[in-house]
Amino acid sequence: MSSPVSIKSFDQDVEILDEWVGLGEQIARLEAQRARLIADRVELLLGVTPVHQQMAIRCTIAEFAAAGRVAQGTVERAF
């Protein structure tokens, strides 16, 4: 026979779940901010001479990937 779950442990379980959900929401907001910053950088790149634009984009992708310690493909998809 298993022991009944106490109300205290149930309340703690709900608190943990709520905190976990809250962290996910914070992460989503931060990722949205990151996406906006990349969009801002793309706007800057649009002002670059077309001849140099492709090089500037590749350099920017490499820079963001290195700074964010993420795979270059992840940054490329964001662009």
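Lys and Arg are counted here as positive, and Asp and Glu as negative; His and the chain ends are left out of the count. On this basis the chain carries 8 positive and 11 negative side chains. The centres of the two sets lie 10 Å apart. The model is a predicted one.

The fold is helical. Three helices and zero strands make up the elements of the chain. Read from the N terminus, their order is α-α-α. The radius of gyration is 22 Å, well over the 12 Å that the globule rule gives for 79 residues, so the chain is more spread out than a compact globule. The C-alpha atoms fill a box of roughly 75 × 20 × 15 Å along the principal axes.

Burial was examined next. Of the 79 residues, 10% count as buried. The chain exposes about 6700 Å². Carbon and sulfur atoms supply 60% of that area.

Attention then turned to the largest pocket. Rolling a probe the size of a water molecule over the atoms shows where empty space is left. The largest pocket holds about 260 Å³ of space. Each of the helices α1, α2 (50-68) and α3 (72-78) supplies at least two residues of its lining. Helix α1 gives the largest share, six residues. The lining includes the charged residues Glu31 and Arg34. Also in the lining are Ala35, Leu37, Ile38 and Ala39.

Ala39 and Phe79 are 40 residues apart along the chain.

Arg69 lies in the loop between α2 and α3. The relative accessible area of Arg69 is 78%. The cut-off for an exposed residue is over 50%, so Arg69 counts as exposed. The backbone of Arg69 also stands out: phi is near 50°, a positive value in a residue other than glycine.

Conventions
Residues numbered from 1 in each chain as written. Predicted model: local features only at pLDDT ≥ 70, side-chain atom pairs only at ≥ 80, totals over all residues. Heavy atoms only, no water. Helix = DSSP H or I, 4+ residues; strand = E, 2+ residues; numbered from the N terminus. Rg over C-alpha atoms; globule rule 2.2 N^0.38 Å. Buried < 20%, exposed > 50% of the residue type's maximum accessible area, 1.4 Å probe, protein only. Areas by Shrake-Rupley, 256 points an atom, 1.4 Å probe, with all protein chains shown as cover. Charge placed at Lys NZ, Arg CZ, Asp CG, Glu CD. 1 Å grid on protein atoms, 1.4 Å probe; cavity = no way out; pocket = protein on both sides within 12 Å on 5 of 7 lines; lining within 4 Å. Points joined across faces, edges and corners; volume = space filled by probe spheres on them.
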